[in-house]
Amino acid sequence: MTHDYSDGYIEVNGTIQSIYNYTMAEKNWIIWSVAAGTIIGTIPLNMLYVKFGARYPFLIAGIASCVSTALIPWSAKLSFYVLILLRFIQGFAYSADFAAIGLMTVRWAPLSETAFFLSVLTCFNGIASTITNFGTGLICESSLGWKWSYYLHALAGLVLFVFWFMVYIEHPQETKRVSDTELKKIQKNKSEAHLSKKCDVPYRKLATSPVILCVWANAFFDLTAAIMFSTYIPTYLNMVLQYGITETGFLASLILGLSMPVRFFFAFVSDKLKQFAHVVITAIQWMKCLALFVAPALTSIFVHDETNRQQWIGVYVTLGGLMFAVRRKLKKQLEDCFQINIVSFFILTDKPAKWTETEEMTEKN
């Protein structure tokens with residue numbers, strides 16, 4: 001965008017400037033507006049999921065995301081404030097992702113495959129970043145230009161959300177596409193809290209559980225680093241290491257895509273997530289909102305010249321230190337499980353909390 005002078009202006013000294021040449025502060029606001037939208041959208045969208053399921057709310061959020069994405073080039077030319085508004089709408093729609101994943105996991109995944117189910121669904125960030133960086137690099141270097149990156153992404157998103165609406169069913173027992181054998185496997189050992197279409201969520205007990213708080217704290221540090229890399233790796237490769245746009249897109253895609261095989265591996269060796277997963281993961285989505293604020297803020301503290309390699313050192317050292325402080329390998333007696341956080345060694349357990357048990361489970365015990 002910086003090299004697009006089609007809508008540029010001439011300064012007093014005769015130099016042509018692009019209207020898309022944003023300052024570091026403006027870039028941070030562009031990212032923060034997404035975070036603000038996600039924070040504000042998390043609670044109301046989660047309530048809509050609990051009441052109506054995922055099919056319609058996720059479709060509406062997806063359409064809003066596609067429309068706002070398609071209008072980004074127009075807003076960037078029209079007004080910086082309109083651009084911020086559309087980015088806010090993108091963030092609001094983005095808050096629908098993790099709650100949908102949690103709800104789908106609770107209703108569709110067998111308890112024995114919960115971790116792998118989650119790992120597949122939550123790899124959308126890595127897949128999206130891989131496709132987007134590589135594809136955008138090619139589009140920007142082509143005759144189409146950077147604006148068509150937004151148009152094509154919006155079009156692809158619209159197709160995918162229509163497909164979602166046609167395919168997704170709220171409960172496996174409501175479709176003939178699931179056989180009796182498959183349904184029994186999905187519902188095996190599940191409690192009424194899993195199977196019920198309406199179940200009261202113990203929000204206070206969730207929010208005060210040491211185990212859940214430990215998971216959320218680790219999610220925050222992990223997501224801060226992930227957002228930092230996904231947001232600024234292209235900038236670092238292009239402006240510091242001086243790679244071309246196409247090479248930058250390819251390398252950024254490669255780096256961000258490397259996490260997916262690791263994610264699948266740890267899914268097999270991790271514990272299985274029990275009950276109310278949609279609420280836990282929605283809170284992790286909120287942690288991601290905070291990370292969207294923290295990552296740009298951390299960059300603004302250390303980096304004042306994006307081309308200066310020395311200024312980036314403080315960012316990476318800080319993130320590395322935080323990640324080191326919250327990571328540790330934990331081995332359980334009955335199974336190998338790689339867990340997170342030094343504190344988690346004393347807190348995490350593979351036993352469900354008492355408040356997750358319904359009356360039906362208590363009677364069986």
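View 1. At 27% relative accessibility, Y316 counts as partly exposed, a term for values between buried, under 20% relative accessible area, and exposed, over 50% (1.4 Å probe, protein chains only). W312, in contrast, is buried, with a relative accessible area of 1%. The ring centres of W312 and Y316 lie 6.3 Å apart with the planes at 25°, so this pair is stacked; rings of Phe, Tyr and Trp (its six-membered ring) pair if their centres lie within 6.5 Å, and planes under 30 degrees apart count as stacked, over 60 as edge-to-face and the rest as tilted. Both residues belong to helix 16 (residues 309-325), where W312 and Y316, four residues apart, are separated by about one helical turn; helices (H or I, at least four residues) are DSSP runs, numbered from the N terminus.

**View 2. The aromatic pair of F58 and W164.** Among the 13 aromatic pairs of the structure, F58 and W164 form one that is edge-to-face, at 4.8 Å centre to centre and 70° between the planes. Because F58 lies in helix 2 (residues 55-70) and W164 in helix 8 (residues 147-167), the pair ties together parts that are 106 residues apart in sequence.

**View 3. R55 over the ring of F165.** R55 lies over the face of F165, at 4.1 Å from the ring centre; a charge sits over a ring if NZ of Lys or CZ of Arg is within 6 Å of the ring centre and within 35 degrees of the ring normal.

**Notes to the views.** Residues are numbered from 1 along each chain as its sequence is written, and side-chain values use heavy atoms, with hydrogens and water left out. As the model is predicted, local features need pLDDT of at least 70 and side-chain atom pairs count only at pLDDT 80 or more, while totals for chains, interfaces and linings use all residues.

Terms used:
Helix = DSSP H or I, 4+ residues; strand = E, 2+ residues; numbered from the N terminus.
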